[in-house]
Amino acid sequence: MAALCVIFFHFAFRGAAAGEMPALDLPSWLVSMSQYGYLGVSLFFMISGFVIAFSAEGRAPLEFAAARFARLYPAHLAAVTLTFIVTLAFGAPVFTASISQYAANLTMFAPLFGQEFMDGACWSIVLEVIFYGWVFLFL
């Protein structure tokens, strides 16, 4: 549900409002409701916080870190790699990517290396890793 809220926010409201895509022919009630879809991100983070707390229960800090890395990094690697390949193949001239940007994104902290995230959704992974760090310290 949280993901659907964010999708509707981007496609039914933000894209057209920011001039990044044409306005879709949607019912006006859906467009007006979709302006609040950004709250889906907060809902996702709240749910994630509870799930992470339950997954940390009974684990040593290194066990928790290893489990989070094993769950998160392969999907991140696949998403960043796929985005890089598709951007190289079909993105120009609107979207571009470089090897240095790709390499920085493999770390999950691309801005620390002076690079932009591979796509707009990657900013959230930084917050999630920071949250994992706090849970690690509390364990």
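Reader: Which residues in α3 meet which residues in α6?

Author: This is a predicted model, and in it helix α3 covers residues 39-56 while helix α6 covers residues 123-138. The two pack at an angle of about 30°, with their axes 11 Å apart, and α3 passes α6 in a right-handed crossing. On the α6 side the residues are Trp123, Ser124, Leu127, Glu128, Phe131, Tyr132 and Val135, and those that meet them from α3 are Val41, Phe44, Phe45, Ser48, Gly49, Ile52 and Ala56.

Reader: By class, how many charged residues has the contact of α3 with α6?

Author: Counted by class, this contact of α3 with α6 has 10 nonpolar residues and three polar ones. The number of charged residues is one.

Reader: Is α4 roughly parallel or roughly antiparallel to α5?

Author: The axes of helix α4 (residues 61-91) and helix α5 (residues 99-106) come within 10 Å and cross at roughly 165°. Angles over 145 degrees count as roughly antiparallel, and therefore α4 is, relative to α5, roughly antiparallel.

Reader: Which residues of α5 make the contact with α4?

Author: From α4 the contact is made by Tyr73, His76, Leu77, Val80, Thr81 and Phe84. By class, the contact of α4 with α5 has seven nonpolar, three polar and no charged residues. The residues that α5 brings to this contact are Ile99, Tyr102, Asn105 and Leu106.

Reader: Does glycine 91 count as buried or exposed?

Author: Glycine 91 is found in helix α4, and its relative accessibility is 9%. Because the cut-off for this class is under 20% relative accessible area, glycine 91 counts as buried.

Notes:
Residues numbered from 1 in each chain as written. Predicted model: local features only at pLDDT ≥ 70, side-chain atom pairs only at ≥ 80, totals over all residues. Heavy atoms only, no water. Axes fitted to C-alpha atoms, helices over the stretch in contact; angles between N-to-C directions. Helix = DSSP H or I, 4+ residues; strand = E, 2+ residues; numbered from the N terminus. Parallel < 35°, antiparallel > 145°, perpendicular 65-115°, else oblique. Contact = heavy atoms within 4.5 Å. Nonpolar A, V, L, I, M, F, W, Y, C, P; charged D, E, K, R; others polar. Buried < 20%, exposed > 50% of the residue type's maximum accessible area, 1.4 Å probe, protein only. Left-handed = near helix turned anticlockwise from the far one by under 90°.
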